[in-house]
Amino acid sequence: MPPSTTLSPGRDTALDPRSGHSAPPHAYDVGLLLLRLAVGLTMAAHGAQKLFGSFGGAGLDGTGQFFSTVGYPQGRTMAVVAGLSETLGGLGLALGLLTPLAGAAIVGTMINAMAVKWNGGFFAPEGIEYELLLTVAAASLALTGPGRYAADRFLPFLRHHRLAHGVAAVLFATVVAGVMLLLRT
């Protein structure tokens, strides 16, 4: 019997015919859950800093002043937009709820964060490495889907993740981020 996609009795393992690599499907789902929780809760905490001043954050007034100093019009409004994008996008990722849109919310916000820090080089704290890592992780989750351990499994239209959903969401985020960057002076 060829090892293509046979399942061993009593084992939740499929063999990848291209590489011979065997991994339980649940391992992928647990890995996606861990990534979603790490990225999602990190972003939700950053959003709470902006919206509520939690975790030592500046709150709406301080964040709004920062946005104004880096060239965004209506700094306080931009603080609300960034804070909601990070909080709701982060919680959505953590729960695996509307995963393509949650990932897109983070991608769009992080593109703007990278643009603000662009002249600082690559390495943190002045550089963009942290923001780039969060952007790629969020885009990856939008493209791959949340895995089995996610609220999306209960939504008929997202029960079976489609690459097209993720691609559309990431493209939408990129366009919206570009528009926001064009508004900067």
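The mean pLDDT of the protein chain is 90, and 88% of its residues reach 70 or more; pLDDT is the confidence of the predictor in each residue, on a scale from 0 to 100. Over residues 1–13, however, the pLDDT is below 50, and this stretch has 19 contacts in the model beyond near neighbours in sequence, a contact being heavy atoms within 4.5 Å. Because the model is predicted, local features need pLDDT of at least 70 and side-chain atom pairs count only at pLDDT 80 or more, while totals for chains, interfaces and linings use all residues. Residues are numbered from 1 along each chain as its sequence is written, and side-chain values use heavy atoms, with hydrogens and water left out.

A salt bridge is defined as a side-chain nitrogen of Lys or Arg within 4 Å of a carboxyl oxygen of Asp or Glu. By this rule, the model contains four salt bridges. One of them joins the side chains of E86 and K50, at 3.0 Å from N to O. E86 belongs to helix α3 (residues 75–95) and K50 to helix α1, so this pair ties together parts that are 36 residues apart in sequence. Helices are DSSP runs (H or I, at least four residues), numbered from the N terminus. Both E86 and K50 are buried, where buried means under 20% relative accessible area, exposed over 50%, and partly exposed in between (1.4 Å probe, protein chains only).

A salt bridge is also formed by D61 and R76, whose closest N and O atoms are 2.7 Å apart. This pair links distant parts of the chain, with D61 in helix α2 (residues 59–69) and R76 in helix α3, 15 residues apart. D61 is exposed because its relative accessible area is 53%, whereas R76, at 46%, counts as partly exposed.

In the salt bridge between K117 and E131, the closest N and O atoms are 3.1 Å apart. K117 lies in helix α4 (residues 99–117) and E131 in helix α5 (residues 129–144), 14 residues apart, and the pair again links distant parts of the chain. With a relative accessible area of 22%, K117 is partly exposed, while E131 has a value of 8% and is therefore buried.

A48 is located in helix α1, which spans residues 25–52. This residue is buried, since its relative accessible area is 11%. Leaving aside residues up to four places away in sequence, A48 touches G53, S54, F55 and T87. A48 and L88 are 40 residues apart in sequence, and their C-alpha atoms are 9.9 Å apart in space.

Conventions:
Helix = DSSP H or I, 4+ residues; strand = E, 2+ residues; numbered from the N terminus.
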